[in-house]
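Let's take a walk through this one together.

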Amino acid sequence: MNEKFLEVGDVMQILGISRSAAYKLMRQINSELEKKGYIVIRGKASRKYFEERIYGMSDAV
């Protein structure tokens, strides 16, 4: 697992969701970051932003 970025398999494993649901979530996260002016990479999501946006993830760390 990459420290700074998550791939679809990581999201699937963390949340216990299907591949298509993980891709949909990654697209949503990257879209939000893009609107904020960040450069995004298709197929990868920022681990930090992911943990902030997913309910309870940032509290567990």
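**Starting from a buried asparagine**

Asn-30 has 10% relative accessibility, so it counts as buried (under 20% relative accessible area; exposed is over 50% and partly exposed is in between, with a 1.4 Å probe and protein chains only). You'll find Asn-30 in helix 2; helices here are DSSP runs of H or I with at least four residues, strands are E runs of at least two, and the numbering starts at the N terminus. Before going on, keep in mind that this is a predicted model, where local features need pLDDT of at least 70 and side-chain atom pairs count only at pLDDT 80 or more, while totals for chains, interfaces and linings use all residues. Residues are numbered from 1 along each chain as its sequence is written, and side-chain values use heavy atoms, with hydrogens and water left out.

What does Asn-30 touch, leaving aside its neighbours within four places in sequence? The partners are Val-40, Ile-41, Lys-44 and Ala-45, where contact means heavy atoms within 4.5 Å. Val-40 is ten residues from Asn-30 in sequence, and the two C-alpha atoms are 6.1 Å apart.

Other residues of helix 2 are worth a click too. Glu-32 is in helix 2 and, at 18% relative accessibility, counts as buried. Beyond its neighbours within four places in sequence, Glu-32 contacts Tyr-49 and Arg-53. Gln-28, also placed in helix 2, counts as partly exposed at 40% relative accessibility. From Gln-28 to Ala-45 it is 17 residues in sequence and 9.7 Å in space, C-alpha to C-alpha.

Now zoom out to the whole chain. Four helices and two strands make up its elements, and from the N terminus on they run β-α-α-β-α-α. Of the 61 residues, 30% count as buried. The accessible surface comes to about 4,700 Å², with 51% of it belonging to carbon and sulfur atoms; these areas come from the Shrake-Rupley method with a 1.4 Å probe, and for residues only the protein chains shown count as cover. Take the contacts between residues at least 6 apart in sequence: 40% of them join residues at least 24 apart.

How do helix 1 and helix 2 pack? Helix 1 (residues 8-15) meets helix 2 (residues 19-35) at an angle of about 110°, and their axes are 9 Å apart. The axes are lines fitted to C-alpha atoms, for helices over the stretch in contact, and angles run from 0 to 180 degrees between N-to-C directions. That makes the two helices roughly perpendicular (65 to 115 degrees; under 35 is roughly parallel, over 145 roughly antiparallel and the rest oblique). Helix 1 brings Val-8, Val-11, Met-12 and Leu-15 to the contact, and helix 2 brings Arg-19, Ala-22, Tyr-23, Leu-25 and Met-26.

Leu-15, in helix 1, counts as partly exposed at 31% relative accessibility. Not counting residues up to four places away in sequence, Leu-15 touches Leu-25, Phe-50 and Ile-54. Ile-54 is 39 residues from Leu-15 in sequence, but 9.4 Å away in space, C-alpha to C-alpha.

Last stop, the largest nonpolar core. This core has twelve residues, including Leu-6, Val-11, Leu-25, Phe-50 and Ile-54; a nonpolar core is a set of buried Ala, Val, Leu, Ile, Met, Phe, Trp, Tyr and Cys residues joined through side-chain atoms within 4.5 Å. Helix 1, helix 2 and helix 3 (47-53) each supply at least two of its residues. The largest share, five residues, comes from helix 2.
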